[in-house]
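Q: I would like to learn how to read a model like this one. Please take me through it feature by feature.

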Amino acid sequence: MIRTQEDQHWMQAAIAEARLAEQLGEVPIGAVIVREGQIIGRGHNLRESKHDPTAHAELEAIRDACEQLGAWRLLDCTLYVTLEPCPMCAGAIVQSRLKRVVYGTDDPKAGCAGTLMNLLQEPRFNHETELTSGVLQPECAQLLTQFFRQLRKSKQA
């Protein structure tokens with residue numbers, strides 16, 4: 001599989017995770033971590049369910065992958081996430097030494113993989129991450145747009 005097809009394949013898995021979040025009434029953001037052609041970590045947004053501001057999809061997937069590997073370094077792994085990582089998640093990505101991050105849609109309010117700043121490729125840190133953006137962007141953006149549109153409608157009713 002060429003990289004573009006492979007990225008789309010794994011982003012579909014991240015989108016499936018986002019749909020799980022949506023079913024729980026959470027903002028639909030999903031993530032998977034892939035190593036050697038296998039998903040080793042999965043996560044979706046659980047902030048409301050867990051009453052935890054750190055329960056972002058990326059952090060849930062990182063925790064899952066580290067548990068699966070029995071290690072905190074994710075050196076040969078790629079994170080696929082539907083929304084551009086925030087500063088907290090970008091920090092965790094750098095700290096976990098993820099090799100690569102692929103995200104779907106930009107986050108104009110908190111994106112730290114290039115939109116507001118790029119913490120993932122900051123040369124002053126001890127690790128820089130390869131970065132690919134815009135994979136299945138329309139699908140990833142639509143998940144969020146529909147969720148917030150529905151939320152506004154229900155608040156007006």
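**Pockets, sheet and rings**

A: Let us start with a pocket: helix 1 supplies three residues to the lining of the second largest pocket, the most of any element. Helices (H or I, at least four residues) and strands (E, at least two) are DSSP runs, numbered from the N terminus. The model is predicted, so local features need pLDDT of at least 70 and side-chain atom pairs pLDDT 80 or more, while totals for chains, interfaces and linings use all residues. Residues are numbered from 1 along each chain as its sequence is written, and side-chain values use heavy atoms, without hydrogens or water.

Q: Which residues lie nearest the centre of the second largest pocket?

A: A pocket is an open set of points on a 1 Å grid where a 1.4 Å probe fits, with protein on both sides within 12 Å along at least five of seven lines; lining residues have an atom within 4 Å of a point. Here, Arg 3, Glu 6, Thr 78, Tyr 80 and Arg 100 lie nearest the centre, out of 13 lining residues. The volume is about 160 Å³. Helix 1 (3–23), strand 1 (30–35) and strand 3 (78–83) each give at least two residues to this lining. By type, the lining has three nonpolar, one polar and nine charged residues, where charged covers Asp, Glu, Lys and Arg, nonpolar covers Ala, Val, Leu, Ile, Met, Phe, Trp, Tyr, Cys and Pro, and the others, Gly among them, are polar.

Q: How much space lies in the largest pocket, and which residues are closest to its centre?

A: The largest pocket holds about 450 Å³. Its lining has 20 residues, and Ile 29, Leu 83, Asp 107, Leu 144 and Phe 148 are the closest to the centre. Helix 3 (57–69) and helix 5 (137–156) are the elements that contribute two or more residues. This lining divides into eleven nonpolar, three polar and six charged residues.

Q: What is the order of the strands in the sheet?

A: Strands of a sheet pair through backbone hydrogen bonds, either parallel or antiparallel. This open sheet of five strands has mixed pairing and the order 2-1-3-4-5. Strand 2 (38–44) and strand 5 (130–133) each have a single partner strand, so one side of each has no neighbour in the sheet. Strand 3 and strand 4 (residues 100–105) run parallel, joined by five bridges; pairing takes at least two DSSP bridges. Val 81 has Tyr 103 of strand 4 as its bridge partner.

Q: How are Phe 147 and Phe 148 arranged?

A: Rings of Phe, Tyr and Trp (its six-membered ring) pair if their centres lie within 6.5 Å, with planes under 30 degrees apart stacked, over 60 edge-to-face and the rest tilted. One aromatic pair is counted. Phe 147 and Phe 148 form this edge-to-face pair, 5.2 Å centre to centre with 80 degrees between the planes.

Methods:
Grid points are joined across faces, edges and corners, and a volume is the space filled by probe spheres set on the points.
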